[in-house]
Amino acid sequence: MKAEEHCNESAEKTSKQTAFCKPCKRQWAKCGTDPAKNGPKSFHGGANTSEALTQSQDGCLTASLTSEPRVKDFGQLNPDEKMKMLETTRQAKVLVLTMVYRDGTTQLDPEQKLTLPVCGLLVLMKSDLSCGTPEDSLGPNDSLVYLKLEHTPAWAQQQTHPSPELFTRDMLLQVLTGSQLVVCYKAKDLLRSVLQVYRRELNWKRVAGCHIQDPQVSAWLLDPTDPSSCFQDLLNKHCRRPHTTPALGAQKVSQIISGLCWLYRLNMKLCSQLQSQGLWKLYSDMELNMIPVLAAMESHRIHVDKEALKKTSDLLGTKMKQLEKEAHQAAGQIFLVTSSTQLRTVLFEKLRLHERCENKKLPKTINKQQQSTSEAALLLLQDLHPLPKIILEYRQVHKIKSTFVDGILSCMMCKNYISSTWHQTSAVTGRISAKHPNFQALPRQPLQITKKQYVQGKEEEVVTVHPRAMFIPHEGWTFLAADFCQVELRLLAHLSSDPELLRIFTSPQADVFTMLASQWKGVREDEVTSEDREHAKRIVYSVVYGAGRERLSGILGVSTEQARLFQDSFLQTYRDVQAFIQRTIQQSHKQGYVLSIMGRRRNLPNINSPDWSIRMQAERQAVNFVVQGSAADLCKMAMIRIFNLVSSSSSLSARLIAQLHDELLYEVEDSHLEQFAALVKSTMESLQRIDHLGVHLKVPLKVAVSSGKSWGSMSELNIPLTFPSP
DNA sequence: CCAAGGACGCTACG
DNA sequence: CGTAGCGTCC
């Protein structure tokens, strides 16, 4: 562990000096190679050789802030004053926070760059809950503290006891985990920064209990489709207030302070709306508890085999060149293989392939109603000409290379680890999403590449490329995955109370989709082919998602008519599922919104639209939301429960790596594997009942656990039915 | 002439 | 259904 950290640091230092790093084309690269452009980073401890540089850019706002008479600079206080300040903080009724970045912006400013280096934290301490008479100014007993949030490496710290660094840490802990009301816009970013800056001296478990209110989250919960993208937008929408213009220096400081006052008012406004809309419990018990979970997940470093990625990138590059050549030969001309426009010209204007398959309905593009070159279309054309197959393979390889190999490499820059950014408020269904890289979209199946050997090659070498296999646990640790089996289908059974569907889940053992296929096709279970089973699976989800016949036929590779028959026969077999769908649509028409199992809400403004297609879309969204949103509720609750168990235990050490909607991926110490697997499984399955949220599922939940020394090679783990509690 | 940004197409995941 | 992300084209 230590050796590796040292390794990383020295890697970062040397990379700054060498000018040989490739320039990063992607704007979301975590650490820039150009100090002049991106500014030196305050994260990760290392290299303070360029201290002079750091002062020039960011010193300005910090100086203005700390010279403002109302703002106390915590770092400048003597130990006695610091103790007093800690006490004052404890006594305050409300704390309102914002991070201050080195470029002079705060979290309240519109649109800041990603992973901006932080320099401090401004805290408004209110002694009472009132909003203050002049709306943007301080009350008589309110005070402001500035906390420097930059890491001083251990070797540079003064030898006083206790060290100033730890005083600041304790103040931060007081601020973040105090029992009073704490408000911060984008609280997760703050928590993550604190965990990163104090990586060595602050255990992630200590932020577990923190309950910071966040208007970004509350506003999203009130209306998950609302596009309000920054603090200003939110204020404009929910609060009446005077017009403001950007300012500099002391003016800017005043604006930040009044921003904090407005932040408090906004928070109160949104909280009362949450209460009146019946969303308070969901907010307080679920969404707020997600914040530390996500912050801890983001601050964890996931080790990646960078060298293997680079080799794979080259390999795929060669393969793509070969395929490109083949495509040009097959087409009889040179064209841009990545361009669907040019491919359309070749396939349908030059080769006129659509004229040779008039019996099949070729898909059209959504917006312009042109001939599509999508996978579904190429599959229909593949027997007529060699080109479609080549393009299909090219696209597969290209997707893997661009998104999952080069994409991940560009996320790593000078490091050999990654941490995705997790978003709580970007999905209308209540799911979370990931970026840089998008951990939730890494291919499940490995890709087979046949490598042509030019040097005296008779035998063709077959290489398998699997991006997931590049993710490696730290030494002495193992990945553990816990998967909610068929959550959506189980929820559909619960929501519809369909007796046949319920029976599938209540009867012990047996494969769900096999049973389903047998019930619905009317054959014995041992007569169900793997194809039948796969069909059953896809049909189920097409029903859940409300996919049309077109989409289903595309996925299944059967005619539209056949797809319709499949769907109809499914809904005939499970009549109460159909009834549930109709009931949900009816409700959404009457109320204008739908609710998930834990009371998550989606407004459907288009549900009564005169436009048929718009209205139908809203109806599909309604049904989809109830199922998908409920599944999201369960999965998030699982993350929170397990997080709280681990962080309140002194022996447990497992860390959450990623959430793949219905699957949780952990990194566990080798010796803890079995115990933790049992804990995870039983915790997740126990969510069948959540009394305080009124959840009591009519179906049991089933969780499958697997483990492995890379994410690409996970094998199922057998866990005894019950486990002894420690 | 170029650059940046939006619309569109395609495809990973669930 | 609905996320992210890569790529062209205008």
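Ala, Val, Leu, Ile, Met, Phe, Trp, Tyr, Cys and Pro count here as nonpolar, Asp, Glu, Lys and Arg as charged, and the others, Gly among them, as polar. On this basis, the surface near DNA strand B in the predicted model is made up of nine polar, seven charged and five nonpolar residues.

In total, 21 residues surround DNA strand B, and the closest are Asn367, Thr373, Glu375, Arg444 and Asp662. Of the atoms of DNA strand B that come within 4 Å of the protein, 82% belong to sugar and phosphate. An N or O atom in the side chain of Arg395 lies 3.2 Å from a phosphate oxygen, and a polar backbone atom of Ser374 lies 3.4 Å from a phosphate oxygen. The side chain of His661 has an N or O atom 3.4 Å from a sugar or linking oxygen of DNA strand B.

The protein contains an open sheet of six strands with mixed pairing, ordered E1-E4-E3-E2-E5-E6. Strands E1 (71-73) and E6 (212-213) form its edges, each pairing on one side only. Eight bridges join strand E2 (residues 94-101) to strand E3 (residues 118-126) in the antiparallel sense; Met99 has Leu121 of E3 as its bridge partner. Helix H6 (residues 187-197) lies across E2, E3, E5 (181-184) and E6, at about 65 degrees to E2.

The average pLDDT of chain A is 87, and 87% of the residues score at least 70. The pLDDT is below 50 over residues 1-25, a stretch with 24 contacts beyond near neighbours in sequence. It is also below 50 over residues 29-57, where 50 such contacts occur in the model.

Methods: Residues numbered from 1 in each chain as written. Chains lettered and ligands numbered in written order. Predicted model: local features only at pLDDT ≥ 70, side-chain atom pairs only at ≥ 80, totals over all residues. Heavy atoms only, no water. Pairing = 2+ DSSP bridges. Helix = DSSP H or I, 4+ residues; strand = E, 2+ residues; numbered from the N terminus. Contact = heavy atoms within 4.5 Å. Axes fitted to C-alpha atoms, helices over the stretch in contact; angles between N-to-C directions. pLDDT = per-residue confidence, 0-100. Near = heavy atom within 4 Å. Polar contact = N/O pair within 3.5 Å; in protein donor to acceptor, adjacent residues only side chain to side chain.
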